[in-house]
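Welcome! Here is a short tour of a protein model, from its surface to its core. Have a look at the structure first, and then read on.

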Amino acid sequence: MKLKDKVALITGAGGDLGRGMAILFAQEGARVMVNDINVEKAEKTVEIIIDQGGTATVDNSDLTNSKSVRQMIDHVMKEWGKLDILVNNAGDVKDALLVKMTDEDWDFVVDLNLKGSFFCARAAAPHMIERGYGKILNFSSMAYKGNIGQVNYTSAKAGVVGMTQALGLELAKYSINVNCIAPGLIETPKAATLDEKVRNYLIKKTPMRRMGEIIDIAKTALFLVSDDAKFITRQVIHVSGGMEGF
Ligand SMILES: NC(=O)c1ccc[n+]([C@@H]2O[C@H](COP(=O)([O-])OP(=O)(O)OC[C@H]3O[C@@H](n4cnc5c(N)ncnc54)[C@H](O)[C@@H]3O)[C@@H](O)[C@H]2O)c1
């Protein structure tokens, strides 16, 4: 039980990677606040955890709205009185080549992936600072190194890497660890819808010549938010089968 008595908030935990982490964290003893703007998906994650004998609650706050994010943190505090672990997992893409990318495409991706993570960290940090304990785990992507048709996503995910570095420095003296996972290609239902050519290209770009699994991400996340990693901060871990870019 690596997370016994811990309280974790995972954003976008109705989604594939978020759900994987929520289930594993609950199995390791954490009480999990399952945030997702999609009510059905969040409820499904909570249902799985409760069926397994764990503790979890749904929160449907919109991460792109700072007031809503503050309400989400208040929700955790009201429910369980503390927040040990924040996983800024929610993210999405809106791809287009540069000259065709609209203002809306840019704002949608940057607001969710980057600004949303900032809103969450800002609202959660005071509670962690007060107790001199906390784990913040951000989600980037190997696309942070650049990808065609993703100038918005690359910029946001590179921003998340920068945010990890900055927050890690600022919060280290309070024993708050700030780290980041950059997944490569992971076998999810969404990945299954990829065009076969794109899928094969990405697998070829991966030295291990295969996709990763959701559990690979969940186990890395578990390590980083556990006290096994208490002297690790400001790091970006590539869970990518050796893939270092596109
Ligand atoms: N799956 C991969 O192969 C992969 C690769 C690289 C990076 N990532 C990153 O990992 C993270 C998780 O990816 P995933 O594949 O599980 O994504 P996903 O689309 O399955 O899940 C993301 C969840 O975020 C929720 N969400 C969207 N907007 C929201 C908002 N405004 N407020 C609250 N929730 C919102 C969605 O409803 C969704 O359930 C993302 O940050 C993604 O960029 C994933």
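Let's begin with Val99, which is exposed because its relative accessible area of 79% is over the 50% cut-off. Please keep in mind that this model is predicted.

**On the surface**
- Val99 sits in the loop that runs between β4 (85-88) and α4 (103-131).
- Together with Leu98, Trp106 and Val151, Val99 makes a nonpolar surface patch of about 420 Å².

- In soluble globular proteins, nonpolar side chains tend to be buried together.
- The largest nonpolar core here has 31 residues, and those touching the most other members are Phe25, Val32 and Val34.
- At least two residues of this core come from each of β1 (7-10), α1 (16-27), β2 (31-35), α2 (39-51), β4, β5 (134-139) and α8 (214-225).
- With seven residues, α1 gives the most to this core.

**Around the aromatic rings**
- How many aromatic pairs are there? The count comes to one aromatic pair.
- That pair is formed by Phe118 and Phe119, with 5.8 Å from centre to centre and 40° between the planes, and it is tilted.
- Phe119 counts as buried because its relative accessibility is 8%, under the 20% cut-off.
- Another ring to look at is that of Phe108: Lys94 lies over its face, at 4.9 Å from the ring centre.

Terms used
Residues are numbered from 1 along each chain as its sequence is written. This is a predicted model: local features need pLDDT of at least 70, side-chain atom pairs count only at pLDDT 80 or more; totals for chains, interfaces and linings use all residues. Side-chain values use heavy atoms; hydrogens and water are left out. Rings of Phe, Tyr and Trp (its six-membered ring) pair if their centres lie within 6.5 Å; planes under 30 degrees apart count as stacked, over 60 as edge-to-face and the rest as tilted. Buried means under 20% relative accessible area, exposed over 50%, partly exposed in between (1.4 Å probe, protein chains only). A charge sits over a ring if NZ of Lys or CZ of Arg is within 6 Å of the ring centre and within 35 degrees of the ring normal. Patches are made of residues with over 30% relative accessible area and no salt bridge: like charges are joined within 9 Å, nonpolar side chains (Val, Leu, Ile, Met, Phe, Trp, Tyr) within 5 Å. Accessible areas come from the Shrake-Rupley method with a 1.4 Å probe; for residues, only the protein chains shown count as cover. A salt bridge is a side-chain nitrogen of Lys or Arg within 4 Å of a carboxyl oxygen of Asp or Glu. Helices (H or I, at least four residues) and strands (E, at least two) are DSSP runs, numbered from the N terminus. A nonpolar core is a set of buried Ala, Val, Leu, Ile, Met, Phe, Trp, Tyr and Cys residues joined through side-chain atoms within 4.5 Å.
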